[in-house]
Amino acid sequence: MGENMIVPVPESWAGQGAVDAATYAADHARSIADSDGFWRDQIGRLDWVKTPTRMDESDFSESNFQIRWFADGRINVSANCLDRHLAERGDATAIIWEPDDPTAAPRHISYRALHAEVCRFANVLKAAGAHRGSRVTLYLPMIPEAAVAMLACARIGAIHSIVFGGFSPDALAGRIQDCDSTIVVTADEGRRGGKRVPLKANVDAALPHCPSIETVIVVPATGADVPMRAGRDLRYDAAIAAASPDCPPEAMDSEDPLFLLYTSGSTGKPKGVVHSSGGYLLWAAMTHQLCFDYRPGEVFWCAADVGWVTGHSYIVYGPLANGATTLMYEGVPNWPSAARIWQVVERHRVATLFTAPTVLRSLMKEGDDLVLSTDRSSLRLLGSVGEPINPEAWRWYHAVPGEGRCPIIDMWWQTETGAGMIAPLPGATPLKPGSATFPLPGVEPRLLDGEGAVLEGAADGNLVIARSWPGQMRTVWNDHDRFFQTYFTTFPGYYTTGDGARRDADGYWWITGRVDDVINVSGHRMGTAEVESALVLHPKVAEAAVVGMPHELKGQGIYAYVTLNAGDEADEALRRELVQWVRREIGPIATPDAVQFAPGLPKTRSGKIMRRILRKIAEGEIGALGDISTLADPAVVDDLVANRVMA
Ligand code: WTA
């Protein structure tokens, strides 16, 4: 579908983009054929304390496994995002903050003001014992203090670990315990869509299980009266006021970790993805500049949350490294109405909007009038990220909000890749609705069949990456072996993405979705194993299996099959209780869309659950269950089909 439809580079862009088609082709070819030379030219995008002489020293093989870039370079990330802009654009706006409440006043924070606040907060962190290499957990709403805290950690070389504010106390505790952070930065409450999120209360509920935490710093975001524990809890505003604005940036090794961010995989607990200082920042800055053709003075809006990798790379690090004005929005795109997102574009004269297909699908169904009632003449570019964009949503985004004149930058990447990997460049790439188009310079994607043979030409297969790139994750926190096992053993010699893809006859890449047990709910990654573990904690649940199901708005929904303990009764009340249970255990993003009580799950004789069959039933493809003769008890399938839940 859509494979033959080409949307050419618009007139208004021809010859206007920083990179044209010929330059892109030459850059990409050189990045592969002469990687060393290519990267020697690119490192000048950043200010180094010591310019690296060594480029890529990565090796995906088991015997010599390492991911390493710019290893003899020294750098400070916050100095690149702040100090180096002061002379030329100290008074330019670094962050525009748009509050949840549309009647409240936005804030404009200049580079100079942001620099001063970051230095003060870095001193607060130091006084609380943070230092080079120590971990600081951030559990914050979308307020400027989130960016301040990130950059303050970077300034002193502490490693931040952001936990999305929608996660439960249990999920927060697990992420604190895994990295033994000593400080939590949080807020009294968060605001989202007119509702309050009890962040400090959640921290208080998590901390009895987190002996490593010594200090909690609380930003007064809503002014709610929250209990403060003497000797442990500090107020952000009081601490900042008392701190010195002088804090020289720490000279970090390029390979020193900048942050870790927990993400879901096919198995086990979420892993702490570790990103480097030099390589990560270069990748975030380069991709932000190339894909969004950033021009000084423009307002760039990535409508993600800093709790996810998209917020790290495209709200904070990429834009600020490039001296951009980045918009940070506290709320949700459709509150108080579906026009909000476009009203924010109009209010702040946004040039680039970067959002997720799930948002577009939910806005699209509200009709065009709400969009057309706003002035979007400031828009130059539109971006899409987080999940495959269906061609229908693509065409709507392009035609209605984008008035047919804004290229759509559909960027494929992952928490593990640090920043964009496959994406069009606005002045260079003719688009196809639903295709992420071509690899960025430095990226060498391949398609492999199930046996690991390389597929050439037009083909469908497993998407792998054949060489390292600077923004690649360096390890799993505290578990380097898990890093190697997870990503480099399925197809030896390659980084395995976990995604499937198709390359069409014109060489365009189409991401077809996950091929593992990870599902993508509203652009958020969820491990089916995590939801299963939450369900089996319930005293009445004997066993659970969770799969993805197609969902009109969310892309995928969560479908749970639950077997109860003998004697426990399946009824509507228990179904609702289980849904609430998962929300409480993990957070609202993990809310099951369908719960089916199943007396038995389809298992092989060796006891392995055949998820393929469960997926087909959840998808409603009951005519295509395939071979079920290898099941220990094929009769369970009839019951599953008969009692399928329509979500
Ligand atoms: C999916 C988010 C298709 C993909 C940046 C990937 C996409 C997972 C796209 C990573 C896209 C992300 N087209 N699929 N443009 N962008 N994905 O780690 O399945 O939260 O593996 O990173 O999202 O999700 P993550």
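Here, a residue counts as buried under 20% relative accessible area and as exposed over 50%. Everything in these close-ups comes from a predicted model.

**View A. Helix H19 and its two sides.** H19 covers residues 635–642, and its buried residues are Val636, Val637 and Leu640. Look down the helix axis and these buried residues sit within an arc of 100 degrees, so they line one face of H19. Over on the other side, Asp638 and Ala642 are exposed.

**View B. What lies over the buried residues of H19.** The cover includes two strands, E28 (555–564) and E29 (594–597). Helix H18 (611–619) is also part of what covers those buried residues.

**View C. The largest cavity.** Counting cavities of 30 Å³ or more gives two, and the largest has a volume of about 50 Å³. Its lining takes in Ile75, Asn76 and Val77, then Ala154, Gly157 and Ala158, and finally Met252, Pro257, Leu258 and Ser277. Sort that lining by class and you get seven nonpolar residues, three polar ones and no charged ones.

**View D. The second largest cavity.** This one comes in at a volume of about 40 Å³. Around the second largest cavity you'll find Ile162, Val163, Phe164 and Phe167, along with Arg175, Leu261, Tyr262, Gly307 and Trp308. By class, the lining here has seven nonpolar residues, one polar and one charged.

Terms used: Residues numbered from 1 in each chain as written. Predicted model: local features only at pLDDT ≥ 70, side-chain atom pairs only at ≥ 80, totals over all residues. Heavy atoms only, no water. 1 Å grid on protein atoms, 1.4 Å probe; cavity = no way out; pocket = protein on both sides within 12 Å on 5 of 7 lines; lining within 4 Å. Points joined across faces, edges and corners; volume = space filled by probe spheres on them. Nonpolar A, V, L, I, M, F, W, Y, C, P; charged D, E, K, R; others polar. Buried < 20%, exposed > 50% of the residue type's maximum accessible area, 1.4 Å probe, protein only. Helix = DSSP H or I, 4+ residues; strand = E, 2+ residues; numbered from the N terminus. Arc of directions from axis to C-beta. Contact = heavy atoms within 4.5 Å.
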